[in-house]
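Here is a friendly walk through one protein chain, in questions and answers. Have a look at the structure first, and then we can go through it together.

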Amino acid sequence: MLDSIDEAIVRELRKDARLQNKDLAERVNVAQSTAVVRHRALRERGVITGYHAEIDLGAIGRPVQAMLALKIRPHTKEIVDPFMAYVLSLPETLALSHVTGPEDFLVHVAVSDVGHLQRLVLDKFTSRREVTEVHTNLLFSHVRKH
């Protein structure tokens, strides 16, 4: 469980993972030494597992985003694990979720254009024996909560 100070630290670091300790301490209203100790403890407890950069996908030539809902058969560990590794190896993949419901996976992808999306779906997904269905949804926008 997190107390209010830990929650505040996590909230501020989600907004800006590059926040300097003195600024973090000021924002959560604690001493700098307390912020250092709490931040380290959150990492050691596995609450904070890493830091990443937000990328403007349009700036790197991948402005079109889509969510692919996939069904695979058979839905067994022997198929699921290698399939997940395969999907995560694709440069277009931003995120992968193994889910319950009518589909087995949701894959968030970013591509250069709709033609690229079509080639990705046809060449990398529907061509695989274990993939039995693909539903493609273009994203109008994608907003990450900070």
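Q: Where in the chain is the place of Asn29?
A: A word before we start: this is a predicted model. Helix α2 covers residues 21–28 and helix α3 covers 32–44. Asn29 sits in the loop between α2 and α3.

Q: What is the phi of Asn29, and is this residue buried or exposed?
A: Most residues other than glycine have a negative phi. Asn29 is not a glycine, yet its phi is positive, at about 65 degrees. To count as exposed, a residue needs a relative accessible area over 50%. Asn29 has 71%, so the word for it is exposed.

Q: Which peptide bond of the chain is cis, with omega near -5 degrees?
A: Most peptide bonds are trans. With omega near -5 degrees, the cis bond is the one from Arg73 to Pro74.

Q: How many helices and strands does the chain have?
A: Reading from the N terminus, the elements run α-α-α-β-α-β-β-α-β. The secondary structure comes to five helices and four strands.

Q: What is the radius of gyration of the chain?
A: Along the principal axes, the C-alpha atoms fill a box of roughly 55 × 35 × 20 Å. For a compact globule of 146 residues, one would look for a radius of gyration near 15 Å. The chain itself has 20 Å.

Q: Which residues touch the most other members of the largest nonpolar core?
A: In soluble globular proteins, nonpolar side chains tend to be buried together. In this chain, 30% of the 146 residues count as buried. The largest nonpolar core has 18 residues, and β1, α4, β3 (105–111) and α5 (114–125) each give two or more residues to this core. The members that touch the most others are Leu68, Phe83, Val107 and Phe125.

Q: Which residues does a second, separate core include?
A: This other core is made up of eleven residues. Among them are Ala8, Leu19, Val30 and Leu42.

Q: Which residues does Phe83 touch, not counting residues up to four places away in sequence?
A: Phe83 is one of the 18 residues of the largest nonpolar core. Its list of partners holds Arg128 and Glu130 alongside Phe125. Also on the list are Leu70, Ile72, Phe105 and Val131.

Q: Is Thr93 buried or exposed?
A: Thr93 is in strand β2, which takes in residues 93–98. Leaving aside neighbours within four places in sequence, Thr93 is in contact with Val87, Leu88, Val107, His108 and Val109. The cut-off for buried is a relative accessible area under 20%. Thr93 has 13%, so this residue is buried.

Q: Is His39 buried or exposed?
A: His39 is found in helix α3, and beyond its neighbours within four places in sequence it is in contact with Leu13, Leu24, Ile48 and Tyr51. The relative accessible area of His39 is 13%, so His39 is buried.

Q: What separates the C-alpha atoms of Arg129 and Ile72?
A: Arg129 belongs to the loop between α5 and β4. With a relative accessible area of 81%, Arg129 is exposed. Arg129 and Ile72 are 57 residues apart along the chain, and their C-alpha atoms are separated by 8.6 Å.

Q: Which residues is Leu138 in contact with, leaving aside neighbours within four places in sequence?
A: Leu138 is in strand β4 (residues 131–138). Its C-alpha atom is 9.9 Å from that of Ala110, 28 residues apart along the chain. The contacts of Leu138 are Val64, Gln65, Ala66 and Leu117.

Q: How far apart do the centres of the positive and negative side chains lie?
A: The chain has 20 positive side chains and 19 negative ones. The centres of the two sets lie apart by 2 Å.

Methods:
Residues numbered from 1 in each chain as written. Predicted model: local features only at pLDDT ≥ 70, side-chain atom pairs only at ≥ 80, totals over all residues. Heavy atoms only, no water. Buried < 20%, exposed > 50% of the residue type's maximum accessible area, 1.4 Å probe, protein only. Rg over C-alpha atoms; globule rule 2.2 N^0.38 Å. Lys, Arg positive; Asp, Glu negative; His and termini not counted. Charge placed at Lys NZ, Arg CZ, Asp CG, Glu CD. Core = buried A, V, L, I, M, F, W, Y, C linked by side-chain atoms within 4.5 Å. Contact = heavy atoms within 4.5 Å.
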